[in-house]
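Good morning, and thank you for coming. I would like to take you through one structure, moving from its overall division to its local details.

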Amino acid sequence: MSLIDELEKLLSDLNAALPEISSPAGLDELQTACLGRKGALARLMARLPELPPADRPAFGKAANAVKEEMTSLFAQRRKVYQAQAEDEGLARFDPSLPGRLPGQGSLHPVTLVMEEICRILVNLGFETVNGPEVETDFNNFQALNFPPDHPARDMQDTFFVREGIVMRTHTSPMQVRAMLERGKPPVAVIAPGKVYRRDSDMTHSPMFHQIEGLLVDENISLAHLRGTLTFFLRELFGPRVKVRFRPSFFPFTEPSLEVDMSCILCEGTGRRTLGRGAKEPCRVCKGTGWLEILGAGMVDPEVFAAVGFDPECSGFAFGLGVERVAMLKYGIDDLRIFFESDLRFLKQFI
Amino acid sequence: MLLSLNWLREFIPFSGDAAELGDKLTMAGLEVEGISRPYAALRPIVTGLVLACAKHPEADKLSVCRVDVGDEVLDIVCGAPNVAAGQKVAVVRVGVTLPTGLAVKKAKLRGAPSNGMICSEFELGLSDEHEGILVLPDDAAVGSPIPDALGLDDEILDISITPNRGDCLSVLGIAREAAALLRLPLRLPAFERHTSGGNASAELSLETDPKLAPLYHGLVIENLKSAPSPGRLRYRLNAVGMRPISNMVDATNYVMLELGQPLHAFDLDRIRDMTIRVRAADPGETLITLDGKKRLLEASDITIRDGRGAVGLGGMMGGLNSEITPETRRVFLESAIFNPINIRKTARRLNLHSEASFRFERGVDQGGATYALERAAHLLAGLSGGHVRPGFIKNEGRPRRKKRITLRRSFARARIGIGAGMENSFYEETLKSLGCEVEDVSGELRDGEKNPAECWVVIPPSWRYDLTREVDLVEEVVRLYGVDRVPAALPGIARNLERAGLPETKTAFISRIKHWARGASLNEIITYSFTGRKVLEFLGLDASGAISLQNPLSDDLDVLRPHLAPGLLGALRNNLAQGAPFVRLFETAAAFAPDQSSETGASEEARLGLILHGERRFRPWPDAAGDLDYSDLKGLIEHLLHFLALPEADFVSSGTCPWLSPAVDVLLGAEKIGYAGRVRKEIADRHLAKKEVWSAELNLDLLHSLHKKSGIFFKSLPIFPPVRRDVTFIAPLGLRADSIRKTIEGIKSPLETEARLIDCFEPQGKDERNLTFRLTFRRADRTLKDAEADKQRELIAEAVQKTLSVRV
């Protein structure tokens with residue numbers, strides 16, 4: 001057989017051998033046998049000097065062609081194996097296995113709501129201030145026009161630390177502190193924080209959170225109070241929220257207002273539709289269609305007098321309970337759960 | 001306050017229903033919290049006319065009646081002795097259930113069929129009276145429901161009265177409001193003033209202290225006979241939550257509820273020396289009040305006394321020694337105004353809150369005291385068969401002065417904003433409808449100055465103690481106008497250049513800490529600022545140093561916590577009790593300590609508290625098993641300091657936290673920023689912890705101020721590559737690992753050197769451990785050669801061995 005024929009035979013032998021190969025290792029072995037340094041092709045090439053010099057270039061060319069052909073045959077075959085291997089890997093891969101968590105903490109719902117409320121009000125131009133939870137009777141009561149021995153003090157069951165010192169019953173003393181600190185209008189502050197009342201049951205906690213707001217400037221009117229709080233409640237609960245203002249009484253505002261918003265569950269209708277068109281009174285607003293959400297009012301001139309502001313200046317103040325908002329926002333129905341630190345509760349608020 | 005709609009209708013011609021009135025009152029500031037129908041269960045029970053009544057042939061005590069109930073005539077067997085033909089009676093038909101729970105069925109009584117039941121007051125739930133059937137008034141319409149036939153107060157509004165509106169604590173008070181709101185005429189109850197006998201004022205002497213009782217009036221009523229009040233009065237008192245007692249007591253309660261004036265009836269035969277004195281109590285004297293309790297009195301208490309001693313606690317409660325009894329034949333009826341401040345002090349000290357004290361604290365109308373006295377006296381006389389003696393025993397030592405308030409429309413406008421529809425006439429009409437006298441003084445000269453245009457002088461009525469200033473009048477106007485009708489506008493909030501660029505507020509800083517903690521896999525908790533003295537003692541703290549509450553809710557919440565630890569540990573226990581496999585919690589809150597330099601006597605340090613316990617892995621698979629330990633806690637603190645761009649802290653063993661062992665102080669330079677450690681086993685055990693509990697507290701106020709001074713400064717990136725070498729030191733167990741690192745980094749060298757612990761191996765049973773450090777060398781000006789690095793490693797190994805008792 002001529003060298004050229006042997007070259008041809010290498011190719012036909014390979015074509016015959018390939019189907020017999022059953023593993024990637026066998027393929028590697030065969031490739032080494034054919035194309036390795038000491039493989040069949042190399043051995044044939046070593047016999048090049050047997051050819052007359054004139055034939056050598058043609059043989060070299062043919063050998064290269066065979067080599068390329070064989071390499072490509074191996075590559076094709078290997079591709080099949082790779083595809084098979086990948087298929088097998090895919091078949092074994094279980095995407096349903098649990099992931100490795102980087103760890104996820106949570107923020108207390110009171111924090112989440114407090115931050116959202118502060119964000120809305122800070123965007124309106126209020127500054128955040130904070131102050132002590134142990135407070136003087138002057139800041140907590142007297143400067144806010146609660147005279148000693150006045151029945152208005154009964155509205156807030158107070159924890160006493162000693163004569164003249166109380167646990168603050170509301171964040172309103174921050175109004176006094178902020179005005180004393182600024183010395184003159186304008187004052188636009190909000191004060192989030194803990195407050196304390198001597199009361200504990202399903203709907204009362206001895207410690208809870210409030211946010212106080214105070215705006216004092218020239219020509220601030222009841223209309224501005226209405227606008228600000230309506231804006232605030234819509235930002236917090238959505239654009240469809242309706243707001244109503246009812247006269248009430250707080251010693252440090254005149255007029256004083258309770259602010260109700262339309263119930264977020266029944267959208268102010270007072271009724272909830274059950275199956276097949278049946279209706280029942282809404283349990284969130286107890287059928288009234290309204291939810292008490294804020295206390296507010298125009299700052300009483302007595303308060304301005306107590307902090308040395310011109311009693312003719314004007315401003316409004318408001319305060320709201322953070323837990324109450326959180327309960328409405330997240331559908332929480334028991335106040336006590338906020339302070340039980342139960343991880344099953346906490347982890348729902350990320 | 002409970003208000004009967006029917007009772008209200010005796011004052012104003014209101015034809016709407018309770019819900020409609022409720023809405024109006026609520027929107028005017030008298031919040032209606034609910035509407036109840038106490039007699040709703042009586043609606044199915046109807047008025048029947050007994051057409052015939054015959055003895056039961058088989059039973060002596062039973063009668064067989066034919067009763068017309070309007071749409072049919074029923075045969076009913078009745079056991080009451082007082083049933084008779086011609087009576088109007090309350091009939092329950094078959095199938096109806098009584099308020100007592102009894103369901104009436106068709107029955108045969110000794111052979112006679114009975115298709116219903118004739119009721120007593122007891123069966124109707126109106127009283128305990130069950131001896132005989134209730135006989136209805138003759139004018140009751142046959143077939144009409146019992147609440148209508150008896151004129152029962154079957155719609156009751158529960159109204160929340162704010163402390164400034166003492167004038168609304170009566171039917172009259174709310175009627176006034178409703179009349180103003182609905183623009184309806186108001187009429188007062190009419191009664192005839194029949195008196196007989198001689199003038200009583202000559203027989204009784206009266207001395208009062210006008211500071212304690214600005215007004216003290218009384219009447220004498222004689223020939224009385226104690227008996228239960230008539231049904232209608234009893235049912236009404238019942239409906240508004242007042243227990244009927246006897247005609248004399250009921251009359252005073254009735255008029256108090258109706259007119260808001262508390263009244264008290266003394267048994268005049270028990271008043272010694274025919275003398276009434278109103279004065280401060282002698283400190284230390286005692287009085288047994290109507291409720292049988294012996295009260296120790298103080299000088300701020302108001303006593304009513306006869307010639308010998310105290311017979312009543314003025315404005316609070318009568319004395320047992322002058323109480324009305326079934327034998328009482330004549331009374332002295334008191335209608336007085338007492339000083340609210342004294343009343344409040346007494347009520348609080350004695351924890352005695354009566355209907356009377358509640359009203360006096362909030363202010364009772366001095367102008368209405370006499371009318372109420374007469375109304376009550378004549379009602380009492382009428383109910384008890386007696387007569388009122390002519391002649392008031394009276395002393396108005398301090399008449400109420402009228403207050404004249406100037407109201408400027410410009411002022412009102414500025415406070416309210418634009419008020420479309422609020423014409424001058426609206427101001428005037430509104431204030432007049434509330435009982436104010438209004439005089440237009442626009443532009444008039446006063447004290448040499450000209451009043452502004454649109455200006456009034458307003459004199460509030462005697463019952464409105466809350467109207468003293470111009471702003472109070474503005475509130476009244478806007479209240480009746482409807483706050484909801486005031487347009488809404490957003491204010492432009494003026495920014496102040498002086499407040500630009502101020503450092504981050506504490507609130508914002510703490511908020512960032514919270515977000516960091518969430519990112520660090522910690523769950524936020526909020527726990528009470530209170531804890532118990534005993535808890536502190538259990539943690540090994542000196543509880544006497546903590547700030548305590550004078551009136552705690554309970555003994556286990558009686559002090560303000562000086563550390564967050566009680567809250568953190570409590571939260572741990574709550575979670576372990578319900579089976580949490582791991583707990584990683586944080587809280588930011590104040591820790592309280594006495595501080596004489598603070599105006600409140602307390603310092604409040606913002607803290608971050610951490611507590612770790614249980615498995616480190618978040619999931620049993622694929623995470624590796626292992627429990628949270630010191631390195632987890634320390635890692636969190638290091639991570640936080642890095643987050644705040646603060647330098648690395650020193651962690652130094654200390655003995656300052658008695659509930660931690662080991663306890664470690666966290667130091668930044670010379671400042672102690674907090675502490676960390678393992679909760680002592682006996683404490684952990686008590687909190688249900690089966691594994692180690694690690695806890696730390698950091699001072700956020702301090703971190704905040706340090707953070708303000710720190711900052712991130714960019715360092716240029718190195719140009720030349722580093723060379724690394726490892727070195728292992730065999731060190732005695734007591735030697736701090738970071739002392740080796742500090743020694744290495746302290747060695748002077750032209751090479752930049754960084755040492756990092758990469759392995760710590762403690763062979764069992766030996767008192768040494770192997771600490772392997774990876775040294776990273778670098779030159780800023782060229783690439784290092786291997787030989788240079790080898791040489792430096794040797795140099796370091798020798799230097800460390802020389803300085804510290806370690807081997808290589």
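This is a predicted model: local features need pLDDT of at least 70, side-chain atom pairs count only at pLDDT 80 or more; totals for chains, interfaces and linings use all residues.

On confidence, the model scores ipTM 0.88 and pTM 0.87. For chain B the mean pLDDT is 93, and 100% of the residues of chain B reach 70 or more.

Let us turn to the division of each chain. Chain A is assigned a domain 1, residues 3-92, and a domain 2, residues 109-346. The centres of these two domains of chain A, again taken over C-alpha atoms, lie 86 Å apart. Chain B is divided into six parts by its numbering: domain 1 is made of 2-38 + 154-182, and domain 2 covers 40-149.

How many residues does each chain bring to the contact between chain A and chain B? Chain A gives 73 residues and chain B gives 78 residues. On the side of chain A that touches chain B, the largest share comes from helix α8 (residues 222-237) of chain A, with eight residues. Sorted by class, that side of chain A has 35 nonpolar, 20 polar and 18 charged residues.

I now move to a helix pair within chain A. Helix α1 (residues 3-17) of chain A packs with helix α4 (residues 56-92) of chain A at an angle of about 5 degrees, and their axes are 10 Å apart. Angles under 35 degrees count as roughly parallel, so α1(A) is roughly parallel to α4(A). From α1(A), the contact is made by A:L3, A:I4, A:L7, A:L10, A:L11 and A:L14. From α4(A), the residues in this contact are A:F59, A:A62, A:A63, A:V66, A:E69, A:M70 and A:L73. By class, the contact of α1(A) with α4(A) has 12 nonpolar residues, no polar residues and one charged residue.

Next, the sheets. In general, strands of a sheet pair through backbone hydrogen bonds, either parallel or antiparallel.

In chain A, three strands form an open sheet in the order β2-β4-β3, with antiparallel pairing. Which strands are at the edges of this sheet of chain A? They are β2 (134-136) and β3 (160-162) of chain A, each of which pairs on one side only. Direction ignored, neighbouring strands of this sheet are turned by 35 degrees against each other on average. Two bridges join β3(A) to strand β4 (residues 165-167) of chain A in the antiparallel sense. Within β4(A), A:I165 stands opposite A:R162.

In chain B, strand β11 (residues 156-160) pairs in the antiparallel sense with strand β1 (residues 2-4) over three bridges. There, B:D158 in β11(B) stands opposite B:L2. β11(B) also pairs in the antiparallel sense with strand β2 (residues 31-36) of chain B, over five bridges. In that pairing, B:I159 of β11(B) stands opposite B:V32.

A further open sheet of chain B has five strands in the order β12-β15-β18-β19-β20, and its pairing is mixed. Its edge strands are β12 (205-208) and β20 (317-318) of chain B, each pairing on one side only. β12(B) and strand β15 (residues 275-280) of chain B run parallel and are joined by four bridges. B:V278 in β15(B) stands opposite B:T208.

In general, most residues other than glycine have a negative phi, and most peptide bonds are trans. Against that background, the peptide bond from A:E254 to A:P255 is cis, with omega near 0 degrees. A:P255 lies in strand β8 (residues 253-262) of chain A. In chain B, B:S661 and B:P662 are joined by a cis peptide bond, with omega about 0 degrees. B:P662 belongs to strand β35 (residues 660-668) of chain B. Lastly, B:N223 has a positive phi, near 60 degrees, and is a residue other than glycine. Where is B:N223 found? B:N223 is in the loop between β13 (215-222) and α5 (231-239) of chain B.

Note on methods: Residues are numbered from 1 along each chain as its sequence is written. Chains are lettered from A and ligands numbered from 1 in the order in which they are written. pLDDT is the predictor's confidence in each residue, from 0 to 100. Axes are lines fitted to C-alpha atoms, for helices over the stretch in contact, and angles run from 0 to 180 degrees between N-to-C directions. Angles under 35 degrees count as roughly parallel, over 145 as roughly antiparallel, 65 to 115 as roughly perpendicular and the rest as oblique. Two residues are in contact if their C-beta atoms, placed from the backbone, lie within 7 Å. Ala, Val, Leu, Ile, Met, Phe, Trp, Tyr, Cys and Pro count as nonpolar, Asp, Glu, Lys and Arg as charged, and the others, Gly among them, as polar. Two strands pair if DSSP finds at least two bridges between them. Domain bounds come from an automatic or database domain assignment.
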